[in-house]
Amino acid sequence: MTTPLAHRECTIPLVEVAVTEFDLACLSATGAVFDQLLALHPAQVVVDLSGCRHIDAAAIGLLLDVHRRLTRADAVLTVRDPNPRIWRILQSARLDQVLPIVSGRPPEADRPLPPGSHRAGRTPAGRAAVPVRGLPDGTPAGGPR
């Protein structure tokens with residue numbers, strides 16, 4: 001007989017990740033960043049694609065994997081601000097039917113809340129933005145080009 005997994009409380013309510021390169025060449029570095037973020041047990045992860053110009057099938061697969069892992073932890077993955085070309089790619093992959101894809105950022109996301117307060121039944125406000133542009137030593141993700 002198996003016992004249900006204990007629900008872990010989130011340690012960070014909101015993590016925002018600005019992804020500028022999202023294809024097979026940088027997939028391992030991007031995946032490593034997502035692994036580190038998911039270890040924090042966030043309640044919500046927002047992937048900001050406003051600075052991203054290309055996305056491929058490998059990146060879509062990574063988004064689906066992150067979505068699956070977050071869903072198992074009762075958390076949410078949201079994609080924000082894809083350009084029109086990436087929006088069409090996400091729609092053709094039917095990603096828009098699996099997870100939220102939003103444009104812009106809600107005005108209340110920029111206003112800090114007093115300590116201990118909550119937004120509409122969610123966890124306390126807090127953000128960590130991690131731009132994924134390359135490796136820590138400055139090498140572009142996927143190796144030198």
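The paragraphs below lead through the sheet of this predicted model, then its helices, and then a few residues in its loops. Residues are numbered from 1 along each chain as its sequence is written, and side-chain values use heavy atoms, with hydrogens and water left out. Because the model is predicted, local features need a pLDDT of at least 70 and side-chain atom pairs count only at pLDDT 80 or more, while totals for chains, interfaces and linings use all residues.

Four strands form an open sheet in the order β1-β2-β3-β4, with parallel pairing, where strands are DSSP runs of E of at least two residues, helices are runs of H or I of at least four residues, and both are numbered from the N terminus. Two strands are said to pair if DSSP finds at least two bridges between them. The edge strands are β1 and β4, each of which pairs on one side only.

Strand β1 (residues 12-18) pairs with β2 in the parallel sense over six bridges, and within this pairing L14 has Q44 of β2 as its bridge partner. Between these two strands the chain passes through α1, and this β-α-β crossover is right-handed, meaning that, with the strands pointing away from the viewer, the path from the first strand over the helix to the second runs clockwise. Strand β2 (residues 42-48) also pairs with β3 in the parallel sense, here over five bridges, and Q44 stands opposite V76 in β3. From β2 the chain reaches β3 through helix α2 (residues 57-72), again by a right-handed β-α-β crossover.

Helix α1 lies across β1 and β2 and runs at about 155 degrees to β2. Helix α1 (residues 27-38) also packs with α2 at an angle of about 10 degrees, with their axes 11 Å apart; axes are lines fitted to C-alpha atoms, for helices over the stretch in contact, and angles run from 0 to 180 degrees between N-to-C directions. The two helices α1 and α2 are therefore roughly parallel to each other, a description that applies to angles under 35 degrees. Their contact, which means heavy atoms within 4.5 Å, involves L27, T30, G31, F34, D35 and L38 on the α1 side and A58, A59, L62, V66, R69 and L70 on the α2 side.

Several loop residues complete the picture. D56 is found in the loop between β2 and α2, and a polar atom of the D56 side chain lies 3.2 Å from the backbone nitrogen of A58. Such a polar contact is a pair of N or O atoms within 3.5 Å; within protein, one must be able to donate a hydrogen and the other to accept it, and residues adjacent in sequence count only if both atoms are side-chain atoms. Leaving aside neighbours within four places in sequence, D56 is in contact with F22, D23 and L24. At the start of α3, a side-chain oxygen of N83 reaches to within 3.0 Å of the backbone nitrogen of R85.

Most residues other than glycine have a negative phi. D74, in the loop between α2 and β3, has a positive phi near 60 degrees, and D74 counts as exposed at 61% relative accessibility. R94 lies in the loop between α3 and β4, likewise with a positive phi near 60 degrees, and R94 counts as exposed at 52% relative accessibility.

Terms used: Angles under 35 degrees count as roughly parallel, over 145 as roughly antiparallel, 65 to 115 as roughly perpendicular and the rest as oblique. Buried means under 20% relative accessible area, exposed over 50%, partly exposed in between (1.4 Å probe, protein chains only).
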